[in-house]
Amino acid sequence: MGAGTGRGVMFSGVMATAWVTATLVAVVAGVVGFHVVVRGATFAAHAVPMSAFAGAAGAAVLGVSAIAGLGVVSPLAALGVAWLGRRRRTDVASALVIVVMLGLGALFLSWTAEYSSQVYALLFGELLGVSTQELAATAGLAVLAVAAAAVLHRPLLLTAVLPDVADGRGVSVLAADLWFLLLVAVVTTMAVPVVGTLLMFSLMVGPPAAARAVARSPRATIAASVAIALVTVWSAIALSYVTDWPVGFFVGILGAAWYLAGRAAAALAARRRPGARRQPAALAA
Amino acid sequence: MSTVLSVEGVDVWLGGRHVLDEVGFEIAPGELTGLIGSNGAGKTTLFRVILGLLPAARGHVEVVGRPAGRPARAQVGYVPQKVALDPDVPLRVRDLVSLGLDGNRYGFRRRSRQRDEAVDAMLSAVGATRLADARVGTLSGGELQRVLIAHALVAQPPLLLLDEPLANLDLANGQEVVTLLAKLTKEQGVAVLLSAHDMNPLLPVMDRIVYVAEGRVASGTPAEVVRGEVLSGLYGHPVSVLELGGRVVVVAGDTGPTDLVTR
């Protein structure tokens, strides 16, 4: 991102679009990221955007919108991880899906004229390249993702915390996993063209993980996660503008810094609590 | 007295093994029933059949007159055998108990005073009011067991299933949980079916026992079931029931006259 010469430039034209787009992505990443960390599904949530790389690359080959390619391949990757990962083999399924789809993505990109710039854009996004039409699509997908997260919230939480109880109450853990991954697919379709596969992943993990360390209830954690994600992307854009360093660098570094700060705050609070922290609950026969 | 749970002639085969063989028994409201058997005897399998998660090859199960599975799901509270919570999960005790009311429902939820009151009342009933705002990952084993019971009962199901709730609890915590369950059966009229491999902690409070061995069961009061001749018939070879230092022990072989367990 180029260094600016004043506040007016920083908030006008393509920069204004970048601020709005990044804000939408941050809100959605903060909300959906809550379920990523509570389900302990960071690897599966990594697999879907990484696999979507192949969809965006295929779209570049065909000369169609990256969102179209992502919209097709992301749900397929989600279905693949959910289906192959049933019976608690999610890690293996995620790894398999990632390597196959990355291989396909590399093949598709080798068929395009501008290999290196395409790879860079898909991994790190093109925040300054977002058009008004893409912003509208991003906003629509953001509303869809947040509404879907609200509708799925309780069954996703129950299956994450008490999967055996959920089964007994008629909430299929496999179905919940599938809904969750499809939700990640929607976020992927929306966010990858803007922030890229790697940065979207760091936004979906860093802020909610930091929020989880300091907030007590689901509602407070989601609110804190969104707030941290917003501060992260806003700070990253501003720092990038000032230093001319990539936005992605600041998003990644700030995400990790928030997490470490959250852990430190949680440790401090635990030390101050009377009676200190007890052994975590774990009952297993 | 009406019947909350009716199990009739249930047969289950798993991997070519006859896990449950013509299993039948009934539980009435307000009864605490121990499902006793060694590890691998088929206790968890029986729970899965009652929950409708595993179809029986033969026989049928009814909960409050409804067939097991979807029609009866709202009638059963369940505390599973294995619960491993992430210590960092951002969930307070009241949030976990609240999921017992509507955690299975998709859609938007509004906060309501009634649901908050129901959660508070349940936490009070299990003696966990002081834990309401604690994170679930910081609870001790005994505290977590209380909270899981509250989660299972907050929707007021007539039947509560607990799979090995005393496993991994020390003697004092195990005794507290048993006392709590006895209190809940009497005060709330809920029927409790609780599995355990050791019957001794339950003997003072158990109304009925369902003893599982070799895939078959014998049911009745402890005095009727925990007898050498009854259990010998169940195991298919001689066993003896002994009382040693106040504990009832079932041992293989005929050691002479059997002691009748009395309440």
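Of the 285 residues in chain A, 52% are buried, where buried asks for 20 or more other C-beta atoms within 10 Å of a residue's own, with C-beta atoms placed from the backbone. This is a predicted model, in which local features need pLDDT of at least 70 and side-chain atom pairs pLDDT 80 or more, while totals for chains, interfaces and linings use all residues. Residues are numbered from 1 along each chain as its sequence is written, and chains are lettered from A in the order in which they are written.

**Exercise 1.** Work out which elements make up the secondary structure of chain A.

*Solution.* Begin with the count: 11 helices and 1 strand. Helices here are DSSP runs of H or I with at least four residues, strands are runs of E with at least two, and both are numbered from the N terminus. Next, take the order: from the N terminus, chain A runs α-α-α-α-α-α-α-α-α-α-α-β. Finally, look at contacts (C-beta atoms, placed from the backbone, within 7 Å). In chain A, 76% of the contacts between residues at least 6 apart in sequence join residues at least 24 apart.

**Exercise 2.** Find how α3(A) and α9(A) are oriented to one another, and describe their contact.

*Solution.* Step one is the geometry: the axes of α3(A), residues 42–62, and α9(A) come within 8 Å and cross at roughly 85°. The axes are lines fitted to C-alpha atoms over the stretch in contact, with angles running from 0 to 180 degrees between N-to-C directions. Step two is the label: α3(A) is therefore roughly perpendicular to α9(A), a term for angles of 65 to 115 degrees. Step three is the residues: α3(A) contributes, among others, His46(A), Met50(A) and Phe53(A), and α9(A) contributes residues including Val184(A), Met200(A) and Phe201(A). By class, the contact holds 16 nonpolar, 4 polar and no charged residues. Ala, Val, Leu, Ile, Met, Phe, Trp, Tyr, Cys and Pro count as nonpolar, Asp, Glu, Lys and Arg as charged, and the others, Gly among them, as polar.

**Exercise 3.** Describe the side of chain A that touches chain B.

*Solution.* First, the totals: 34 residues of chain A are in contact with 41 residues of chain B. The elements of chain A giving two or more residues to this side are α7 (132–161), α8 (163–168), α9 (173–214), α10 (218–243) and β1 (282–283). Among these, α7(A) gives the most, with 8 residues. Sorted by class, the side divides into 20 nonpolar, 6 polar and 8 charged residues.

Terms used. A residue is buried if 20 or more other C-beta atoms lie within 10 Å of its own, exposed if 12 or fewer, and partly exposed in between; C-beta atoms are placed from the backbone. Two residues are in contact if their C-beta atoms, placed from the backbone, lie within 7 Å. Angles under 35 degrees count as roughly parallel, over 145 as roughly antiparallel, 65 to 115 as roughly perpendicular and the rest as oblique.
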